[in-house]
Amino acid sequence: MSSEVTLARVTRSEWTKLWSLRSTRWSLFVACLAMAGLGPLIAAVSMAHWNQLGEFQRLTFNPLERAMGGYRLAQLAIGVLGVMVISGEYSTGMIRSSLMAVPKRLPVLWAKLLVFTGVAFVLMLVTALISFFASNAIFTEHHVNQTLGSPHALRVFAGSVLFMCVTGVFCTALGTIIRSTAGSISAYVGLMFVLPVVGDILPASLSNAINPYLPSVAGTEVASTFHDPYTFSAWGGFALFCGYTLLAVVVAAVLLKRRDA
Amino acid sequence: MIEVSGVSKRYGEKLAVDDLSFSVQPGVVTGFLGPNGAGKSTTMRLILGLDAPSSGAALVNGKRYQDLQAPLREVGAMLEARAIHTGRSGYNHLLALAQTQGIPRGRVDEVINMVGLESVARKRVGSFSLGMGQRLGVAAALLGDPATVILDEPANGLDPEGIRWIRNLLKGLAADGKTVFLSSHLMSEMEQTAEHLIVIGKGRMIADMSVEAFVAQASSGAPVRVRTPDSVALTAALIGAGARVSAEQDGALAVQGLTTEQVGELAAAERLVLHELTPVQVSLEDAFMSITKDSVEYQQA
Ligand SMILES: Nc1ncnc2c1ncn2[C@@H]1O[C@H](COP(=O)(O)OP(=O)(O)OP(=O)(O)O)[C@@H](O)[C@H]1O
Ligand SMILES: [Mg+2]
């Protein structure tokens, strides 16, 4: 039997690693719970308060973004787990065992990205479907329910799932670059959640010029129904976010290959 | 077979390894010794491709570690700092490593039995004692049944029973023709395990020789103890033969400059009765201390 290290074998190994940690199972469970549960919860609350809503609020009610709202929370669990997939190896020293087994190093990164993105995609796809159909079942009460064939629905649905997967990739790259769990999570939260807040404080002209380029803003265009005139298009913004992620992955790969472990 | 040629490693200002060259042969246990901070762990990380040498090259079986197709099947290593995710079970840790090069699952159970961790293999590594962690490290090193084994301070944290276990294990591996390279900063530990020694201090080579030669070299200046009822006559004869003689507290004489045989023959020629004639043993520990005392990194004040 041939016995060399192959990407397929390293991927199996990473699959074992992912599922054999309690912390990853918990993070994935939380992500699933958030993605599947938050939409229906919001739907139920809005239906219960429907009679208190004014005419204008009813007209502008956005069932699609509510049904998919779970991604706003689930992305955090996915992002943190994306970081820990690699930073957990640095903090425990496991990375040395991993790199001794796979001294070419890069297959470790590719396998981690494959396994984690694959798992995140399947789980988020399934839970997003649950959220979409459960929320819309609840929306039937006041006849604001939609199907995947409604305007923007398929795009927002797919966009939410894809955004989370790319976030996971982005965070694994961050973890590889920064190596410490705390540092990487801070960088993630800073880039994705703090920067947009800072952007909002700036004078409107400046903020309108900068905001569209922020990774969180660009990346979530694809998960929103409406677009301000100064922002990117849905897929244009997403493409920019993918570009940032690709850049991070390239930097991560170069550093992983070059640095002492 | 490990070949290190002209390897240096610089961390910023610090030259941790300074132009080391040596080879580690199969079939014997080679001890790698040096005081704290001598550069033993660094040298091992360089051999294992974890750190890149600033200059020189380290080869395993004639190849750079990075170029090995199935590294775990050629080299098994245990590092000084535990390289294990504490949240995972020992079994899953070994399984994940095995899967990277198609080592069958059955081999994982085999090495777990070999190191005696059957009862705890499914528990989180975080709950392991120091000794259990070392055993798991040894299991990982043996996973691919490699011809070369590199262990950094394997006896660390083991109880006397565990130390004897690892000693016999390593001797067995060497007897099977494998290359066994292990580090320690304790000579006493090495004394009973290694046949060959590589001693470094402050990153530089101090000695590369068999344990026997090492002891012989260190004992060459050691005195001979001799006791006789007629100390005065013997002292005169010894000094006449060119020896340096000093009196011990118990009345014996310490003779330097002559071998045990020469002292005995001289006494016989002078027809002097001897009550004791012993070469003073230099322990390996003392030999190591004296040979490395100039290169101890962290001197006591
Ligand atoms: N990653 C690193 N960055 C900076 N300095 C380092 C690094 N690794 C080792 N050193 C320094 O290099 C020197 C050699 O360290 P090393 O750990 O190799 O010694 P050692 O012989 O294994 O010592 P010990 O017996 O204490 O394990 C030390 O002075 C150490 O501080
Ligand atoms: Mg060391």
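1. H1(B) is the main contributor to the shell around ligand 1, giving four residues. Helices here are DSSP runs of H or I of at least four residues, strands are E runs of at least two, and both are numbered from the N terminus. The elements that supply two or more residues to that shell are strand E2 (14-24) and helix H1 (40-47) of chain B. A word on provenance: this is a predicted model, where local features need pLDDT of at least 70, side-chain atom pairs count only at pLDDT 80 or more, and totals for chains, interfaces and linings use all residues. Residues are numbered from 1 along each chain as its sequence is written, chains are lettered from A and ligands numbered from 1 in the order in which they are written, and side-chain values use heavy atoms, with hydrogens and water left out.

2. Who sits around the ligand? There are 17 residues around ligand 1, and Gly37(B), Lys40(B), Ser41(B), Thr42(B) and Glu80(B) come nearest; to be near, a residue must have a heavy atom within 4 Å. By class, the shell splits into five nonpolar, six polar and six charged residues.

3. Gly39(B) brings a backbone N or O atom to 2.9 Å from one. The side chain of Lys40(B) has an N or O atom at 2.7 Å from an oxygen of the ligand, and a polar side-chain atom of Ser41(B) also lies 2.7 Å from a ligand oxygen. A polar contact here is a pair of N or O atoms within 3.5 Å. As for cover, the protein takes up 70% of the 640 Å² of accessible area that ligand 1 has on its own, by the Shrake-Rupley method with a 1.4 Å probe.

4. Staying in helix H1 of chain B, have a look at Thr43(B). Thr43(B) counts as buried because its relative accessibility is 1%; buried means under 20%, exposed over 50% and partly exposed in between (1.4 Å probe, protein chains only). Not counting residues up to four places away in sequence, Thr43(B) touches Val17(B), Leu20(B), Phe22(B), Phe32(B) and Ile200(B), with contact meaning heavy atoms within 4.5 Å.

5. Over in chain A, helix H1 (residues 7-19) has 13 residues and reaches 18 Å from first C-alpha to last, close to the 18 Å expected at 1.5 Å a residue. That expected span is 1.5 Å times one less than the number of residues. Its buried residues include Arg9(A), Glu14(A) and Lys17(A). The cover over the buried residues of H1(A) includes helix H3 (90-99) of chain B. Ser13(A), in this helix, is buried, with a relative accessible area of 1%. Leaving aside neighbours within four places in sequence, Ser13(A) is in contact with Ala96(B), Gln99(B) and Thr100(B).

6. Two backbone angles deserve a glance. Most residues other than glycine have a negative phi. His152(A), in the loop between H7 and helix H8 (153-178) of chain A, has a positive phi near 65°. Lys202(B) has a positive phi near 50° and is found in the loop between strand E8 (196-201) and strand E9 (204-210) of chain B. His152(A) counts as partly exposed at 40% relative accessibility, and Lys202(B) likewise at 36%.

Notes
Polar contact = N/O pair within 3.5 Å; in protein donor to acceptor, adjacent residues only side chain to side chain. Nonpolar A, V, L, I, M, F, W, Y, C, P; charged D, E, K, R; others polar.
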